[in-house]
Amino acid sequence: MKFFVDTAKIEDIKKANEMGVICGVTTNPSLIAKEGGRSQEDVLKEIASIVDGPISGEVKATTVDAEGMIAEGREIAKLHENMVVKIPMTVGRLDDISQPGIDLIRDIAEIFSVHGIETEIIAASVRNPIHVTDCALAGADIATVPYGVIEQMTKHPLTDIGIEKFQKDYIAVFGE
(Lines give C-alpha, C1' and ligand atoms only; values in the text may rest on other atoms or scores of the structure.)
Protein backbone atom coordinates (compact mmCIF):
# COMPACT_ATOMS: atom_id res chain seq x y z
CA MET A 1 0.00 0.00 0.00
CA LYS A 2 1.22 3.50 -0.81
CA PHE A 3 1.16 6.33 1.69
CA PHE A 4 0.23 9.93 0.98
CA VAL A 5 0.84 12.42 3.78
CA ASP A 6 -2.39 14.32 4.44
CA THR A 7 -1.31 17.87 5.24
CA ALA A 8 -0.32 21.23 3.80
CA LYS A 9 2.30 21.81 6.51
CA ILE A 10 5.53 22.17 4.56
CA GLU A 11 7.76 21.10 7.47
CA ASP A 12 5.85 17.81 7.89
CA ILE A 13 5.88 17.18 4.14
CA LYS A 14 9.64 17.63 4.05
CA LYS A 15 10.14 15.25 7.01
CA ALA A 16 7.84 12.58 5.56
CA ASN A 17 9.50 12.90 2.15
CA GLU A 18 12.98 12.59 3.68
CA MET A 19 11.86 9.41 5.47
CA GLY A 20 11.20 7.93 2.04
CA VAL A 21 7.82 6.49 2.99
CA ILE A 22 5.39 8.71 1.08
CA CYS A 23 4.40 8.54 -2.55
CA GLY A 24 2.32 11.72 -2.62
CA VAL A 25 0.48 14.44 -0.72
CA THR A 26 -3.21 15.08 -0.16
CA THR A 27 -4.48 18.47 0.90
CA ASN A 28 -7.75 20.30 1.23
CA PRO A 29 -8.81 23.92 1.71
CA SER A 30 -8.91 23.58 5.51
CA LEU A 31 -5.36 22.24 5.68
CA ILE A 32 -4.11 24.98 3.36
CA ALA A 33 -5.93 27.67 5.35
CA LYS A 34 -3.91 26.67 8.44
CA GLU A 35 -0.67 27.56 6.66
CA GLY A 36 -0.56 31.26 7.38
CA GLY A 37 -3.00 32.63 4.84
CA ARG A 38 -0.97 31.59 1.80
CA SER A 39 -2.85 30.97 -1.40
CA GLN A 40 -3.67 27.41 -2.44
CA GLU A 41 -1.62 27.99 -5.59
CA ASP A 42 1.50 29.00 -3.63
CA VAL A 43 1.21 26.11 -1.18
CA LEU A 44 0.65 23.54 -3.93
CA LYS A 45 3.59 24.86 -5.95
CA GLU A 46 5.87 24.59 -2.92
CA ILE A 47 4.66 21.05 -2.21
CA ALA A 48 5.35 20.14 -5.85
CA SER A 49 8.93 21.40 -5.43
CA ILE A 50 9.43 18.93 -2.55
CA VAL A 51 7.55 15.76 -3.49
CA ASP A 52 7.96 13.81 -6.70
CA GLY A 53 4.55 12.17 -6.72
CA PRO A 54 0.84 12.94 -6.92
CA ILE A 55 -0.27 16.08 -5.10
CA SER A 56 -3.94 16.81 -4.60
CA GLY A 57 -5.50 20.19 -4.92
CA GLU A 58 -9.18 20.49 -4.18
CA VAL A 59 -11.77 22.49 -6.06
CA LYS A 60 -13.39 24.95 -3.66
CA ALA A 61 -16.50 23.68 -1.89
CA THR A 62 -18.03 27.09 -2.58
CA THR A 63 -18.03 26.39 -6.31
CA VAL A 64 -21.47 24.94 -6.88
CA ASP A 65 -21.61 24.29 -10.61
CA ALA A 66 -19.88 21.67 -12.75
CA GLU A 67 -18.54 24.27 -15.21
CA GLY A 68 -16.90 26.20 -12.37
CA MET A 69 -15.39 23.01 -10.95
CA ILE A 70 -14.01 22.12 -14.37
CA ALA A 71 -12.45 25.59 -14.75
CA GLU A 72 -10.91 25.45 -11.26
CA GLY A 73 -9.75 21.90 -11.82
CA ARG A 74 -7.96 22.94 -15.01
CA GLU A 75 -6.19 25.76 -13.16
CA ILE A 76 -5.08 23.36 -10.42
CA ALA A 77 -3.86 20.85 -13.00
CA LYS A 78 -1.74 23.55 -14.68
CA LEU A 79 0.27 24.14 -11.50
CA HIS A 80 2.41 21.01 -11.96
CA GLU A 81 2.38 17.78 -13.92
CA ASN A 82 1.85 15.79 -10.70
CA MET A 83 -1.31 17.63 -9.65
CA VAL A 84 -4.43 15.57 -8.98
CA VAL A 85 -7.73 17.43 -8.83
CA LYS A 86 -10.09 16.57 -5.97
CA ILE A 87 -13.80 17.20 -6.56
CA PRO A 88 -15.93 17.97 -3.48
CA MET A 89 -18.95 15.69 -3.28
CA THR A 90 -21.04 17.79 -0.93
CA VAL A 91 -21.46 21.02 -2.85
CA GLY A 92 -24.86 22.60 -3.21
CA ARG A 93 -27.75 21.56 -0.98
CA LEU A 94 -27.12 18.43 1.06
CA ASP A 95 -30.62 17.13 0.30
CA ASP A 96 -30.10 17.45 -3.47
CA ILE A 97 -29.36 14.02 -4.98
CA SER A 98 -28.10 15.56 -8.21
CA GLN A 99 -25.24 17.69 -6.92
CA PRO A 100 -22.74 19.07 -9.45
CA GLY A 101 -19.79 17.27 -7.80
CA ILE A 102 -21.53 13.91 -8.09
CA ASP A 103 -22.59 14.63 -11.66
CA LEU A 104 -19.06 15.65 -12.61
CA ILE A 105 -17.51 12.58 -11.01
CA ARG A 106 -20.07 10.37 -12.75
CA ASP A 107 -19.08 11.96 -16.09
CA ILE A 108 -15.37 11.50 -15.35
CA ALA A 109 -15.93 7.86 -14.32
CA GLU A 110 -17.74 7.19 -17.61
CA ILE A 111 -14.88 8.74 -19.57
CA PHE A 112 -12.38 6.59 -17.64
CA SER A 113 -14.29 3.39 -18.30
CA VAL A 114 -14.64 4.17 -22.02
CA HIS A 115 -10.89 4.74 -22.32
CA GLY A 116 -9.87 1.80 -20.09
CA ILE A 117 -8.24 3.99 -17.44
CA GLU A 118 -7.74 2.10 -14.19
CA THR A 119 -8.23 3.73 -10.83
CA GLU A 120 -6.84 3.11 -7.36
CA ILE A 121 -8.77 2.85 -4.11
CA ILE A 122 -7.77 5.62 -1.72
CA ALA A 123 -8.56 5.33 1.98
CA ALA A 124 -8.75 8.94 3.14
CA SER A 125 -8.55 10.59 6.55
CA VAL A 126 -6.95 7.59 8.22
CA ARG A 127 -6.27 8.65 11.81
CA ASN A 128 -4.26 5.90 13.51
CA PRO A 129 -1.93 2.98 12.69
CA ILE A 130 -4.60 0.34 13.32
CA HIS A 131 -6.81 1.97 10.69
CA VAL A 132 -3.86 1.88 8.26
CA THR A 133 -3.64 -1.89 8.80
CA ASP A 134 -7.41 -2.25 8.39
CA CYS A 135 -7.29 -0.30 5.11
CA ALA A 136 -4.48 -2.47 3.78
CA LEU A 137 -6.33 -5.66 4.72
CA ALA A 138 -9.48 -4.30 3.06
CA GLY A 139 -7.58 -3.83 -0.20
CA ALA A 140 -6.91 -0.08 -0.33
CA ASP A 141 -4.14 0.89 -2.73
CA ILE A 142 -3.37 4.20 -0.99
CA ALA A 143 -3.87 5.55 2.53
CA THR A 144 -3.82 9.29 3.21
CA VAL A 145 -2.48 9.83 6.70
CA PRO A 146 -1.37 12.79 8.79
CA TYR A 147 2.36 13.03 9.49
CA GLY A 148 1.73 12.16 13.15
CA VAL A 149 0.32 8.76 12.12
CA ILE A 150 3.38 8.11 9.95
CA GLU A 151 5.53 8.81 13.01
CA GLN A 152 3.37 6.47 15.14
CA MET A 153 3.82 3.70 12.56
CA THR A 154 7.61 3.82 13.04
CA LYS A 155 7.37 3.19 16.78
CA HIS A 156 6.08 0.29 18.84
CA PRO A 157 6.79 -0.61 22.48
CA LEU A 158 7.62 -4.23 21.60
CA THR A 159 10.13 -3.06 18.99
CA ASP A 160 11.80 -0.85 21.60
CA ILE A 161 11.94 -3.80 24.04
CA GLY A 162 13.39 -6.03 21.30
CA ILE A 163 16.10 -3.52 20.39
CA GLU A 164 17.03 -3.09 24.05
CA LYS A 165 17.31 -6.89 24.40
CA PHE A 166 19.47 -7.15 21.25
CA GLN A 167 21.78 -4.46 22.61
CA LYS A 168 22.13 -6.18 25.99
CA ASP A 169 22.76 -9.57 24.33
CA TYR A 170 25.39 -8.09 22.02
CA ILE A 171 27.17 -6.34 24.88
CA ALA A 172 27.09 -9.57 26.96
CA VAL A 173 28.82 -11.49 24.16
CA PHE A 174 30.99 -8.92 22.39
CA GLY A 175 31.28 -6.02 24.85
CA GLU A 176 30.65 -2.41 24.02
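Predicted model: local features only at pLDDT ≥ 70, side-chain atom pairs only at ≥ 80, totals over all residues.
Residues are numbered from 1 along each chain as its sequence is written, and side-chain values use heavy atoms, with hydrogens and water left out.

The protein chain contains eight helices and six strands. Helices (H or I, at least four residues) and strands (E, at least two) are DSSP runs, numbered from the N terminus. Along the sequence, the elements follow the pattern β-α-β-α-α-β-α-β-α-β-α-β-α-α. The chain has 176 residues, of which 32% count as buried. Buried means under 20% relative accessible area, exposed means over 50%, and partly exposed lies in between (1.4 Å probe, protein chains only).

Eleven salt bridges were found in a search of the whole structure. A salt bridge is a side-chain nitrogen of Lys or Arg within 4 Å of a carboxyl oxygen of Asp or Glu. One of them joins Glu46 to Arg38, at 2.8 Å from N to O. Glu46 is partly exposed, at 26% relative accessible area. Arg38 is also partly exposed, at 33%. Another salt bridge pairs Glu41 with Lys45, with the closest N and O atoms 3.0 Å apart. Both residues lie in helix 3, four residues apart, or about one turn of the helix. Glu41 has a relative accessible area of 41% and so is partly exposed. Lys45, at 42%, is therefore partly exposed.

The bridge between Glu58 and Lys86 has its closest N and O atoms 3.6 Å apart. This pair links distant parts of the chain: Glu58 belongs to strand 3 (residues 55-58) and Lys86 to strand 4 (residues 83-86), 28 residues apart. Glu58 is buried, at 14% relative accessible area. Lys86 is partly exposed, at 25%. Elsewhere, a network of salt bridges links Glu11, Asp12 and Lys15.

The second largest pocket holds about 240 Å³ of space. Pockets were located on a 1 Å grid over the protein atoms alone; a pocket is an open set of points with protein on both sides within 12 Å along at least five of seven lines, while a cavity is a set of points where a 1.4 Å probe fits but cannot get out. Lining residues have an atom within 4 Å of a point. Grid points are joined across faces, edges and corners, and the volume is the space filled by probe spheres set on the points. Rolling a probe the size of a water molecule over the atoms shows where empty space is left.

The lining of this pocket is made up of Pro29, Ile32, Ala33, Gln40, Glu41, Lys60, Glu72, Glu75, Ile76 and Leu79. Helix 2 (29-33), helix 3 (40-50) and helix 4 (66-78) each contribute at least two lining residues. By class, the lining has five nonpolar, one polar and four charged residues. Here Ala, Val, Leu, Ile, Met, Phe, Trp, Tyr, Cys and Pro count as nonpolar, Asp, Glu, Lys and Arg as charged, and the others, Gly among them, as polar.

A nonpolar surface patch is formed by Tyr170, Ile171, Val173 and Phe174, with about 460 Å² of accessible area together. Patches are made of residues with over 30% relative accessible area and no salt bridge; like charges are joined within 9 Å and nonpolar side chains (Val, Leu, Ile, Met, Phe, Trp, Tyr) within 5 Å. Accessible areas come from the Shrake-Rupley method with a 1.4 Å probe, and for residues only the protein chains shown count as cover. Tyr170 lies in helix 8 (residues 157-174). This residue is partly exposed, at 49% relative accessible area.

Several residue pairs were compared by sequence separation and C-alpha distance. Cys23 sits in the loop between helix 1 (10-19) and strand 2 (24-26) and is partly exposed, at 34%. Cys23 and Asp52 are 29 residues apart in sequence and 7.6 Å apart in space, C-alpha to C-alpha. Pro88 occupies the loop between strand 4 and helix 5 (100-114). At 7% relative accessibility, Pro88 is buried. Its C-alpha lies 6.7 Å from that of Val59, 29 residues away in sequence. Leu137, in helix 6 (residues 129-138), is exposed at 72%.
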